[in-house]
Amino acid sequence: MTMQDQVNATPAPLKRVPWNKGKLTGAKPPLRPKHVWSIRTKLQIEGRARDLAMFNLAIDSKLRGCDLVAIRVEDVAASGYTADRATVRQKKTGRPVRFELSEQTRQAIDDYLKAANKRPGEFLFTGRRGPETSMTTRQYARLVSGWIGGVGLDPRMFGTHSLRRTKATLIYRRTGNLRAVQLLLGHTKIESTVRYLGIEVDDALAIAEQVDV
């Protein structure tokens, strides 16, 4: 090849590396009850009040990460103490969704509110940029990875949606009530709930077999 040919030659295209190379893609599975208890116990022993409150709230609320980090103190503890139930408006759909707060979650949040001296008007989980900002979803995802890895699980296998799906999946498996799970997740369409839970035909048939007419 002459010098002129080299000048006129089209450069070889750069080989792009796929964004998901080395990552496990697909729906993240829910945590099992034993995993929940392991993480909860570890956070309690280590005295991590904020993380324990956030983990318990994530499990009970079944909220997306973006909605969890946007919660303000008055959303769950308007009277100074954590309520039995709360309502949050979802960013994705703009629709409100209600959720229950178990006794252990209420206790964890109350302990955290006291330790952090939280007041109404503030974000429940503040970010690194100061008290006027909420924790970012990226910060939340990093925390979840740490919780998962801390009990010997592979952080690549689980994510923030694992926490959102955990209680919803358990409720579905125990009751078979898909409509209830749809309401708890704040889905507008039942088809979204079916896809989200990964319900197969065999699951539906197993439920149908338990019902006699």
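N117 is partly exposed in this predicted model, with a relative accessible area of 47%, where partly exposed denotes a value between the limits for buried (under 20% relative accessible area) and exposed (over 50%), computed with a 1.4 Å probe on protein chains only. The residue is found in the loop between α6 (103-116) and β3, and its phi is near 55 degrees, a positive value in a residue other than glycine. Most residues other than glycine have a negative phi. A positive phi, near 60 degrees, also occurs at K62, likewise a residue other than glycine, which is found in the loop between α3 and α4 (65-68). K62, however, counts as buried, because its relative accessibility is 1%.

The model is a predicted one, in which local features need pLDDT of at least 70 and side-chain atom pairs count only at pLDDT 80 or more, whereas totals for chains, interfaces and linings use all residues. Residues are numbered from 1 along each chain as its sequence is written, and side-chain values use heavy atoms, with hydrogens and water left out.

The protein has eleven helices and four strands, these elements being DSSP runs numbered from the N terminus (helices H or I with at least four residues, strands E with at least two). Of its 213 residues, 36% count as buried. The accessible surface of the protein comes to about 13,400 Å², and 53% of this belongs to carbon and sulfur atoms, as calculated by the Shrake-Rupley method with a 1.4 Å probe. Among contacts (heavy atoms within 4.5 Å) between residues at least 6 apart in sequence, 59% join residues at least 24 apart.

Strand β3 (residues 126-127) and strand β4 (residues 130-134) run antiparallel and are joined by two bridges, and strands are taken to pair if DSSP finds at least two bridges between them. The two strands form a hairpin with two residues between them, and T126 has S134 in β4 as its bridge partner. F125 lies in the loop between α6 and β3 and is buried, with a relative accessible area of 0%. Leaving aside neighbours within four places in sequence, F125 is in contact with R50, A53, M54, L57, L68, V69, I71, Y112, S134 and M135. For F125 and M135, which are ten residues apart in sequence, the C-alpha to C-alpha distance is 5.7 Å.

Two packed helices are described by the angle between their axes and the distance between the axes. The axes of helix α3 (residues 49-61) and helix α7 (residues 137-150) come within 12 Å and cross at roughly 95 degrees; axes are lines fitted to C-alpha atoms, for helices over the stretch in contact, with angles from 0 to 180 degrees between N-to-C directions. The two helices are therefore roughly perpendicular to each other, given that angles of 65 to 115 degrees count as roughly perpendicular, under 35 as roughly parallel, over 145 as roughly antiparallel and the rest as oblique. In this pair, R50, D51, M54, F55 and A58 of α3 meet Y140, L143 and W147 of α7, and by class the contact has six nonpolar, no polar and two charged residues.

V151 lies in the loop between α7 and α8 (160-175) and counts as partly exposed, at 27% relative accessibility. Apart from neighbours within four places in sequence, V151 is in contact with S38, I39 and K42, and its C-alpha atom is separated by 9.9 Å from that of T41, 110 residues apart along the chain.

Methods
Nonpolar A, V, L, I, M, F, W, Y, C, P; charged D, E, K, R; others polar.
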